[in-house]
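Please look at the sequence and the structure, then read on.

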Amino acid sequence: MALRAAVLRHLRVPVQFSALARRECQPAPCSGGYLRLFSSHDDRSTKEEVTERVLSVIKRHTKVDPSKVSPNVHFQKDLGLDSLDTVEIVMALEEEFKLEIPDNEADKIDSCDLAIEYVYNHPMAN
């Protein structure tokens with residue numbers, strides 16, 4: 001995973017400037033024919049959307065009773081999940097939101113509200 005992140009940080013993709021014109025972007029001067037673009041608008045999900053998606057992921061877990069899931073439940077105390085189940089939920093959240101949660105942060109996520117806050121505040125969450 002660290003290798004993947006390092007490669008993606010330094011990856012440059014050649015861009016056809018005619019493709020930029022269709023997106024109504026003004027190409028910035030660049031050297032070597034490579035251009036790195038960032039979105040200028042905020043396309044992040046609202047907190048309500050993130051909450052719905054996180055709860056949906058948790059409800060799909062095999063050992064969870066969907067009727068007990070709410071934004072303020074604790075995985076172990078309220079849902080009876082063990083640490084392995086929590087790891088599986090965190091992995092499912094990574095897949096759902098297309099992000100990578102470091103182990104030291106994943107260890108802290110032990111409830112729905114912490115999962116929601118982490119995903120909502122993560123800059124790369126889709």
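H4 gives the most to the lining of the second largest pocket, with six residues. Helices here are DSSP runs (H or I, at least four residues), numbered from the N terminus, and strands are E runs of at least two. Both helix H4 (83–97) and helix H5 (103–106) supply at least two residues of that lining. The second largest pocket holds about 290 Å³ of space. Its lining has 17 residues, and those closest to its centre are Ser-83, Thr-86, Val-87, Ala-106 and Asp-107. A pocket is an open set of points on a 1 Å grid over the protein atoms alone, where a 1.4 Å probe fits, with protein on both sides within 12 Å along at least five of seven lines; lining residues have an atom within 4 Å of a point. The volume is the space filled by probe spheres set on the points, which are joined across faces, edges and corners.

The model is predicted: local features need pLDDT of at least 70 and side-chain atom pairs pLDDT 80 or more, while totals for chains, interfaces and linings use all residues. Residues are numbered from 1 along each chain as its sequence is written, and side-chain values use heavy atoms, with hydrogens and water left out.

The protein has six helices and zero strands. Of its 126 residues, 27% count as buried (under 20% relative accessible area; exposed is over 50%, partly exposed in between; 1.4 Å probe, protein chains only).

The largest nonpolar core has 24 residues, and Val-54, Ile-58, Phe-75 and Leu-79 have the most contacts inside it. Helix H3 (47–60), H4 and helix H6 (112–121) each supply at least two residues of this core. Such a core is a set of buried Ala, Val, Leu, Ile, Met, Phe, Trp, Tyr and Cys residues joined through side-chain atoms within 4.5 Å. Not counting residues up to four places away in sequence, Val-54 touches Leu-93, Phe-97, Cys-112, Ala-115, Ile-116 and Val-119; contact means heavy atoms within 4.5 Å.

His-61 is in contact with Leu-81, Asp-85, Glu-88 and Ile-89, leaving aside its neighbours within four places in sequence. Lys-98 is not a glycine, yet has a positive phi of about 55 degrees.
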